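Please read the following note with the sequence and the structure at hand. The points are numbered so that each may be checked in turn.

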Amino acid sequence: MKVSGSNLLRVLNCAPSAWLPQPNRLIAAAVRGTHGHAYCQGRRDGLEHDAAMKARGIPEKYDAMMRSLPESLWNTGGTSEVAFAYNWREDTARVLGGDLQRQYDKAGLKRSSELPGTIDVAAVHKEARMGAVEDLKFITEQSRWRYPPPLRNPQMLFAALCMLLSVPELSAVEMKLVLVVMSDEDEYERTLILTGEVTLMDLAPFREALQATMADVWNKRGEYMEGPWCDECPAYCSCEHQVGLLRATLDTPPATGMFVVTPEQVAQALPRLLAAEKALEVAINAAKKLSDQEPIPLGGDRFYGPVPEDKRTVKAELAERYFAEKYPELLPAVQTEKKVTQESLKEVFSTLPQPARDRVGGGSKTSWVKNFMVELDAAGLVSVKTIHKHRQYTDKERAALLAAPPAEPPAANEEG
Ligand code: SF4
């Protein structure tokens, strides 16, 4: 059973995901987040960049990512890395320790009744009878749905509950969720801060749900609930629902119940696998077509439908002249097939020595290319085409889409 405050969003939705076998599955985003946290922790401890990298064992390949982080991420008050334990049988909580590096068992966690969780920063303001908890998450735009605002965020509610139960003189807890948005290339883009405040009374429904779910987990029962959290579920390969899909496709069910197939099974099942792939494609296309008429509500604050996106293309011939006159060091970005892409610009930027980078605008690779595209746009070197990609989006994004000027309907071949 591997449940902690940080995976409560999935576990509260699908209790079996906590008690099914969980083969080790390291996810890149999780690795990045772990190193990001460790680095900020090192900086909070007063270490300079190099010392923090070394002390926290952060691989060299994350050097640029850590350098791009703003200081505000570690200039916070309070105690860092506070671990709590919530006793779901007795509805009590205690502070388990500081900077435990998730080694809860060594700190005396009672697995049969206690649920652990760590919050990045915690503070108690006794005179004001207020507590404060703060958590830092390294995310990408695509993974944002996993981090709802504090009042709907199980990890934040868990930390607030533990603090209110372990320091009874507090009347409320302020929650602050700091979302550090990274690009797909692990470069810092922006910080979003979401806040909320709760009292013990506000937390009554959450406590009830937590106790019921933990009883289900302990007794190995509960309903399977598929949802976006399945993508990174550690029990995915042993999940009845997911394995059922594979069973329905393979002639011989996988003996272990896991996603392990033998060459013989592949030989037998390949025609059906390909047919299933085709059927999925047809079904997804039908869903896209339906959503073209009206966005499809997915429950909660999520929708599925076409989302307009501006595709920017640099006019290569004009750019070549512009670069030759103004930025000759960027000429290699005009590729042999006379194309300039954001990728080719980034590639050339990465090869430039620091003074040349500063001359063309400086900054991180991602922020530079963004700013440089604005410059090229202003110089009339960019053509813009709106395409539509079908994807999931939130209510808030939908409001922004509705407020935007109407876009051309999606062309049949413009799919994401
Ligand atoms: S894959 Fe989804 S449905 Fe299956 S156990 Fe995990 S969260 Fe539950």
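**Note on the predicted model**

1. A215 is partly exposed, because 14 other C-beta atoms lie within 10 Å of its own. (A residue is buried if 20 or more other C-beta atoms lie within 10 Å, exposed if 12 or fewer, and partly exposed in between, with C-beta atoms placed from the backbone.) A215 belongs to helix α7, residues 204-218. Between A215 and Y304 there are 34 Å in space, C-alpha to C-alpha, and the two are 89 residues apart in sequence.

2. This is a predicted model, in which local features need pLDDT of at least 70 and side-chain atom pairs count only at pLDDT 80 or more, while totals for chains, interfaces and linings use all residues. Residues are numbered from 1 along each chain as its sequence is written.

3. The protein has 14 helices and nine strands. (These are DSSP runs numbered from the N terminus: helices are H or I with at least four residues, strands E with at least two.) Its C-alpha atoms fill a box of roughly 75 × 60 × 45 Å along the principal axes. Of the 416 residues, 27% are buried.

4. Among contacts with a separation of 6 or more, 61% join residues 24 or more positions apart. (Two residues are in contact if their C-beta atoms, placed from the backbone, lie within 7 Å.)

5. The largest nonpolar core has 56 residues, and those with the most contacts inside it include F84, Y86 and M163. (Such a core is a set of buried Ala, Val, Leu, Ile, Met, Phe, Trp, Tyr and Cys residues joined through C-beta atoms within 7 Å.) Helix α6, residues 154-166, supplies the largest share of this core, nine residues. Apart from this core lies another, of 15 residues, among them W368 and L381.

6. Beyond its neighbours within four places in sequence, Y86 is in contact with A93, E114, L115, F158, L161 and C162.

7. How do helix α11 and helix α13 cross, and at roughly what angle? The axes of α11 (residues 342-351) and α13 (residues 365-378) come within 10 Å and cross at roughly 125 degrees. (Axes are lines fitted to C-alpha atoms, for helices over the stretch in contact, and angles run from 0 to 180 degrees between N-to-C directions.) Therefore α11 is oblique to α13. (Angles under 35 degrees count as roughly parallel, over 145 as roughly antiparallel, 65 to 115 as roughly perpendicular and the rest as oblique.)

8. In α11, Q342, L345, K346, F349 and S350 meet K365, W368, V369, F372 and M373 in α13.
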